Amino acid sequence: MSDVPQSRPGVIHDLGYRRYDGLREGTATIARTLFITGLRHAYGLGRSGKSKVMPFLLLAMSVLPALIVVGVVVLTGMSSLPISYADYTNQTQLLVSLFAAAQAPVLFSRDLRHRSIVLYLARPLSAPLFALMRWLSLAVALWFFMAVPTLLLFVGAMLSGLDKSDQVTQLLKAVALQTLLALLVAGITGLISSVSLRRGFAVVGSVMALIVLTGVVTAIQAIAADQDADAVSVAAGLFSPWSLYTGLANAWDAGVETFVPVDGAWVLAYALVALLLVAGCLLGLVARFQKVGSR
Amino acid sequence: MMNATIAKLALQALLGRRRFYLLLAFPVLLIALVSLITALADGDAAFDILPGLGYPLVLPLVAILAASSVLGPEVDDGSIIYLLAKPVSRYGVAISKWVVALAATLTAGALPILVAALITGDSTRAWALFVGALVAGTTYSALFLAISAVTRHAVIASLMFVLIWESLLGNLFTGVAWLSIGQWGLRVGHELSAQLPDPANLTWAILASLVVTAVGVWFAGDRLRSFSLRGED
């Protein structure tokens with residue numbers, strides 16, 4: 001054995017024992033492993049049986065209506081789906097929001113509450129990258145949660161012989177919108193649960209940001225549309241993740257109805273606000289993990 | 001049965017630090033929204049916020065927050081065993097904690113609904129809704145306390161009851177009203193003002209509310225009596 005490389009900076013576990021001279025995976029592998037573990041933990045895989053109940057119960061509840069819709073379409077021979085792919089996600093938003101609120105603390109609170117974050121950060125993985133990977137895990141888990149029923153609807157539509165090109169366009173639009181929504185919701189709930197470490201308060205905080213805020217925005221939108229204040233109604237939609245989603249879906253013709261059609265410069269405003277919100281949550285998460293990691 | 005010291009400690013846990021602001025956010029948000037809409041829109045648009053958002057969402061959320069803050073953190077970090085080691089009846093512990101959660105629910109959940117409803121005018125309707133909120137708030141707090149004593153996922157389980165069972169399925173199937181705490185409260189309020197909906201039978205609504213409240217508190221005490229600590233799952 002010759003020419004053993006000197007221990008790398010930033011690694012603290014070299015206590016003078018016999019060296020490990022196998023292959024050392026880099027930061028990329030650590031990040032990938034962290035991402036996959038986070039994704040599995042979001043669904044309770046690799047954790048106790050009890051923690052699998054909640055995510056899979058919610059997933060089953062969001063898949064069940066899609067199965068019923070597919071059954072009805074196949075049996076009655078409809079010429080189109082009674083609900084568009086993007087609108088299905090919108091109609092089941094309560095389940096998506098609950099899933100995000102329930103599982104975000106699993107990924108973001110536990111490491112900070114039990115201080116095991118210090119052990120993670122003792123490895124050559126930086127705090128910003130750790131935050132980023134956690135966020136990506138939750139976003140992909142959420143995206144998966146929305147994509148499963150969507151895909152089921154699509155398979156049902158294909159099997160019952162609906163127009164292929166039409167359905168594919170709608171599906172791709174819905175998937176793109178769901179991706180944006182997943183990034184957005186993961187950022188918001190992740191930030192809330194990394195600040196509020198008690199699980200109960202993180203969940204209530206997330207529910208406030210996702211469900212209560214959306215309820216308030218919807219009420220304002222409905223009332224403003226009722227009073228013929230169209231601009232107010234569209235502008236109110238900028239203030240909650242779900243109204244951003246429905247607004248963009250409406251503007252993009254993905255089969256979602258809003259109180260007032262979103263068009264013109266508003267579309268750009270909606271897209272910009274959504275992207276800025278994602279960026280803002282990410283910056284907040286990175287700042288939070290850097291602060292906690294340096295203590 | 002009631003133990004003043006335990007109630008005082010529960011109150012401190014409830015009002016301590018940041019969670020107090022979270023609890024305060026709900027009434028402030030509700031009253032501000034209703035005032036804003038009363039000022040800007042005409043017609044009955046502002047009152048519709050209350051049966052649509054304030055009563056079915058804000059009231060149960062306040063109850064969940066209150067019930068889980070008096071019991072949840074202690075169960076979560078296991079420090080409840082120090083409380084249970086004291087020679088105090090476990091039912092007394094449950095009742096003392098419930099009284100605090102109830103007071104918080106009624107102050108931060110039911111009272112703002114009354115204030116907001118009075119802002120929109122028509123005081124009969126406002127008082128009717130307040131009575132409904134009192135009945136529902138009492139029942140909610142007992143049920144959520146019982147759930148907090150059973151599972152670590154109390155908040156999510158309670159939220160699923162409120163959002164999926166009462167709101168989502170309740171809007172689809174009218175029969176859910178017979179097993180929905182919010183609807184029982186509305187039914188009692190209906191006696192004062194016919195503007196509230198009339199979902200179920202009055203006797204049933206009153207009896208069911210009483211039974212759920214009593215059984216909820218008793219069950220929380222019973223769970224504490226045979227409490228066992230488990231690790232993080």
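Predicted model: local features only at pLDDT ≥ 70, side-chain atom pairs only at ≥ 80, totals over all residues.

For residues 142–162 of chain A, the end C-alpha atoms are 28 Å apart, with 86% helix and 0% strand.

**Helix packing in chain A**

Two packed helices are described by the angle between their axes and the distance between the axes. For helix H8 (residues 164–195) and helix H12 (residues 265–293) of chain A, the axes come within 9 Å and cross at roughly 30°. The crossing of H8(A) past H12(A) is left-handed. On the H8(A) side, the residues that meet H12(A) are Leu180(A), Leu183(A), Leu184(A), Gly187(A), Ile188(A), Gly190(A), Leu191(A), Ser194(A) and Val195(A). Their counterparts in H12(A) are Ala274(A), Leu277(A), Val278(A), Cys281(A), Leu282(A), Gly284(A), Leu285(A) and Arg288(A). Sorted by class, this contact holds twelve nonpolar, four polar and one charged residues.

**Nonpolar core**

The largest nonpolar core contains 166 residues, and Leu142(A) and Leu145(B) have the most contacts inside it. H3(B) supplies the largest share of this core, 18 residues. Leaving out residues up to four places away in sequence, Leu142(A) touches Val96(A), Phe99(A), Ala100(A), Ala182(A), Val185(A) and Ala186(A).

**Contact between the chains**

Chain B contributes 26 residues to the contact and chain A contributes 24 residues. On chain B, at least two residues come from each of helix H2 (17–40), helix H3 (45–77) and helix H7 (154–172). H3(B) gives the most to this side, with twelve residues. The side of chain B that touches chain A is made up of 19 nonpolar, four polar and three charged residues.

**Single residues**

Trp184(B) is located in helix H8 (residues 181–190) of chain B. Trp184(B) counts as buried because 28 other C-beta atoms lie within 10 Å, where the cut-off for burial is 20 or more. Beyond its neighbours within four places in sequence, Trp184(B) is in contact with Val135(B), Ala136(B), Thr139(B), Ala200(B), Ala205(B), Ala208(B) and Ser209(B). For one of these, Ala205(B), the C-alpha to C-alpha distance to Trp184(B) is 4.6 Å, with a separation of 21 residues in sequence.

Arg115(A) sits in the loop between helix H5 (110–113) and helix H6 (117–121) of chain A. Asp253(A) sits in the loop between helix H11 (241–251) and H12 of chain A. Arg115(A) counts as exposed because it has 10 C-beta neighbours inside 10 Å. Asp253(A) has 12 such neighbours inside 10 Å and therefore also counts as exposed, the cut-off being 12 or fewer.

Technical notes
Residues numbered from 1 in each chain as written. Chains lettered and ligands numbered in written order. Contact = placed C-beta atoms within 7 Å. Helix = DSSP H or I, 4+ residues; strand = E, 2+ residues; numbered from the N terminus. Nonpolar A, V, L, I, M, F, W, Y, C, P; charged D, E, K, R; others polar. Axes fitted to C-alpha atoms, helices over the stretch in contact; angles between N-to-C directions. Left-handed = near helix turned anticlockwise from the far one by under 90°. Core = buried A, V, L, I, M, F, W, Y, C linked by C-beta atoms within 7 Å.
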